[in-house]
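The following questions and answers concern one protein structure. Please consult the sequence and the model as you read.

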Amino acid sequence: MKQPPIIVPEGLHEVLLHACCAPCSSAIVEWLLAHGLHPTIYYFNPNIFPRREYDIRKEESKRHAALLGIPWIDGDYSHDAWRQAVVGLEGEPERGRRCELCFTQRLTATAHKARELGIRHFATTLASSRWKSLEQIERAGHRAEQAVGGTVFWAQNWRKGGLQERRNQLLREYAFYNQQYCGCEFSVQR
């Protein structure tokens, strides 16, 4: 079954792209640049644990952006605040309520950063992972859009159009570190 093409929202020329890691952002950024769009990568992932894992993923994302000559912004690593936000949800399964709350927190921060930078549209690489619920990501993005006036969430399934296969090629070409779990201590335990 043929996937519908990626639809660029009308008026989008620049996008703040929340990036969870370099492998997931690689094919998306390549696609955006090939279509004349200007991404800025926003690395905001307070869920990632331990700190060493966070730093490895952060440096890979920064390296990728530098190689492409695109802007890259470091969000704060506030794992303690993230842990406070998910209190009571530690036992939730993957794709459960904890994940949706985590997406909402990260995308709301992205929407705030987009507004601060004067970038109207924001999107996320979370929607490239087959391990994530696209419905949860879309709900989280629209919550963030509603919470932060003047922003528009670009809800896009980035698994389409051969991007998943291209991601795997770029992972090898760039010799990216490829993590084996989502990021939080609860996902590594599953």
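Q: How do the residues of the lining of the largest cavity divide by class?
A: This is a predicted model, in which local features need pLDDT of at least 70 and side-chain atom pairs count only at pLDDT 80 or more, while totals for chains, interfaces and linings use all residues. Residues are numbered from 1 along each chain as its sequence is written, and side-chain values use heavy atoms, without hydrogens and water. Ala, Val, Leu, Ile, Met, Phe, Trp, Tyr, Cys and Pro count as nonpolar, Asp, Glu, Lys and Arg as charged, and the others, Gly among them, as polar. The lining of the largest cavity divides into six nonpolar, one polar and two charged residues.

Q: Which elements give two or more residues to the lining of the second largest cavity?
A: On a 1 Å grid over the protein atoms alone, a cavity is a set of points where a 1.4 Å probe fits but cannot get out, and lining residues have an atom within 4 Å of a point. The second largest cavity is lined by C24, A27, I28, S128, W158, L163, Q164 and R167. Helices (H or I, at least four residues) and strands (E, at least two) are DSSP runs, numbered from the N terminus. The elements giving two or more residues to this lining are α1 and α6.

Q: How much space lies in the largest cavity?
A: Residues lining the largest cavity include N47, W82, R98 and C182, and α4 supplies the largest share of that lining, five residues. A volume is the space filled by probe spheres set on the grid points, which are joined across faces, edges and corners. For the largest cavity this space is about 60 Å³.

Q: Which helix gives the most residues to the lining of the largest pocket?
A: A pocket is an open set of points with protein on both sides within 12 Å along at least five of seven lines. The largest pocket has a volume of about 570 Å³. Of its 26 lining residues, the closest to its centre are S129, W131, Q179, Y181 and C182. With three residues, the helix that gives the most to this lining is α6 (residues 163-173).

Q: Which residue of β4 stands opposite L16?
A: Two strands pair if DSSP finds at least two bridges between them. Strand β1 (residues 14-18) and strand β4 (residues 121-124) pair in the parallel sense over four bridges. The residue of β4 opposite L16 is F122.

Q: What is the bridge partner of E14 in β2?
A: Strands β1 and β2 (residues 38-43) run parallel and are joined by five bridges. Within β2, the partner of E14 is H38.

Q: What is the omega of the peptide bond that joins F49 and P50?
A: Most peptide bonds are trans. P50 lies in the loop between β2 and α2 (51-68). The bond joining F49 and P50 is cis, with an omega of about -5°.

Q: Is A175 buried or exposed?
A: A175 lies in the loop between α6 and α7 (185-188) and has a positive phi of about 55° although it is not a glycine. Buried means under 20% relative accessible area, exposed over 50%, and partly exposed in between (1.4 Å probe, protein chains only). Because its relative accessibility is 57%, A175 counts as exposed.
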